[in-house]
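Student: Please pick one part of this protein and take me through it slowly. I'd like to follow how that part connects to what surrounds it.

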Amino acid sequence: MDNECWEAVGTEVQPGDAASDRLDFDPSASAERVVAWLASGGLRPTRQRRLLATLLIGDGRDRHVTAESLHEAAQRVAGKVSLATVYNTLRAFTAAGLLTEVMVHGARSHFDTRTDDHPHFYFEDEGRLVDAPPLEMAFARLPETPRGTEIAKIDVVIRLRRCRDAEQGA
Ligand SMILES: [Zn+2]
């Protein structure tokens with residue numbers, strides 16, 4: 001049996017462990033933090049924005065969401081909130097520099113509360129995005145940019161799939 005794929009994996013992949021991106025509403029979450037976060041993007045703290053911001057950064061941790069996952073969480077907390085509102089608010093947060101949109105080809109948009117450049121793992125089977133260990137990545141070479149341009153940002157999404165042997169406990 002060819003176990004190369006399985007053996008080459010350095011870290012144990014935990015597909016079911018999405019704890020870090022869970023959107024629990026923490027009532028003790030810092031309202032100050034939320035208002036300051038909105039203010040840092042020049043946004044007024046409307047009720048809707050405060051609700052979504054609390055879910056996103058209320059506990060002070062970084063997370064990745066889709067409009068759908070945030071919508072679900074917002075509805076759990078506040079009853080009816082439209083997906084369009086959540087989507088527009090995510091767009092406004094992104095335009096204000098509070099979130100980064102991470103494009104994964106062929107998948108929903110993911111929004112990241114971490115706004116510095118960092119690589120991601122994308123689990124194709126689950127449609128889940130997580131941070132990859134940044135120190136383990138290095139670019140040996142980058143293509144020269146066209147005249148008069150410079151690199152603004154490098155998006156790195158490493159797409160993962162389960163090794164074929166993994167499920168059989170190889
Ligand atoms: Zn990230």
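Tutor: Strand β1 runs antiparallel to strand β3 (residues 110-112), and two bridges join them. Keep in mind that you are looking at a predicted model. Within this pair, valine 65 stands opposite phenylalanine 111 in β3. The pair belongs to an open sheet of three strands, in the order β1-β3-β2, with antiparallel pairing. β1 and β2 (100-102) sit at the edges with a single partner strand each, so one side of each has no neighbour in the sheet.

Now follow β1 away from its sheet. β1 (64-65) is among the elements that cover the buried residues of helix α3, along with α2, α4 and α5. The buried ones are Arg49, Leu51, Leu52, Ala53, Thr54, Leu55, Leu56 and Ile57. For comparison, 21% of the 170 residues in the whole protein count as buried.

The axes of α2 and α3 are 9 Å apart, and the two helices pack at an angle of about 105 degrees. That makes the two helices, α2 and α3, roughly perpendicular. Where they touch, α2 brings Arg33, Val34, Trp37 and Leu38, while α3 brings Arg49, Arg50, Ala53, Thr54 and Ile57. Sort the residues of this α2 and α3 contact by class and you get five nonpolar, one polar and three charged.

Next comes α5. The axes of α3 (residues 47-57) and α5 (residues 83-95) come within 11 Å and cross at roughly 80 degrees. So this pair, α3 and α5, is roughly perpendicular as well. Here Gln48, Arg49 and Leu52 of α3 meet Thr85, Val86 and Thr89 of α5. By class, the contact of α3 with α5 has two nonpolar, three polar and one charged residues. Notice that Arg49 turns up in the contact with α5 and also in the contact with α2.

What do these helices build together? Look at the largest nonpolar core, which has 22 residues; Leu52, Ala53, Leu55, Leu70, Ala74, Val86 and Leu90 touch the most other members. Each of α2 (31-40), α3, α4 (67-78) and α5 supplies at least two residues of this core. The largest share, six residues, comes from α3.

Zoom in on leucine 70 to see how the pieces meet. Setting aside neighbours within four places in sequence, leucine 70 is in contact with Leu23, Leu52, Leu55, Val65, Val86 and Leu90.

Now step back for the overall layout. The protein has five helices and six strands. Reading from the N terminus, they run α-α-α-β-α-α-β-β-β-β-β. Take the contacts in the protein with a separation of 6 or more: 58% of them are between residues 24 or more positions apart.

We still have another sheet to visit. This open sheet has three strands in the order β5-β4-β6, with mixed pairing. Its edge strands are β5 (128-131) and β6 (157-160), each of which pairs on one side only. On average, neighbouring strands of this sheet are turned by 25 degrees against each other, ignoring direction.

On one side, β4 and β5 pair in the antiparallel sense over four bridges, with tyrosine 122 opposite leucine 129 in β5. These two strands form a hairpin with four residues between them, and glycine 127 in the turn has a positive phi of about 65 degrees. With β6, strand β4 (residues 120-123) runs parallel, joined by four bridges. In that pairing, histidine 120 has valine 157 as its bridge partner, and phenylalanine 121 stands opposite isoleucine 158.

Technical notes
Residues are numbered from 1 along each chain as its sequence is written. This is a predicted model: local features need pLDDT of at least 70, side-chain atom pairs count only at pLDDT 80 or more; totals for chains, interfaces and linings use all residues. Two strands pair if DSSP finds at least two bridges between them. Axes are lines fitted to C-alpha atoms, for helices over the stretch in contact, and angles run from 0 to 180 degrees between N-to-C directions. Angles under 35 degrees count as roughly parallel, over 145 as roughly antiparallel, 65 to 115 as roughly perpendicular and the rest as oblique. Two residues are in contact if their C-beta atoms, placed from the backbone, lie within 7 Å. Ala, Val, Leu, Ile, Met, Phe, Trp, Tyr, Cys and Pro count as nonpolar, Asp, Glu, Lys and Arg as charged, and the others, Gly among them, as polar. A nonpolar core is a set of buried Ala, Val, Leu, Ile, Met, Phe, Trp, Tyr and Cys residues joined through C-beta atoms within 7 Å. A residue is buried if 20 or more other C-beta atoms lie within 10 Å of its own, exposed if 12 or fewer, and partly exposed in between; C-beta atoms are placed from the backbone.
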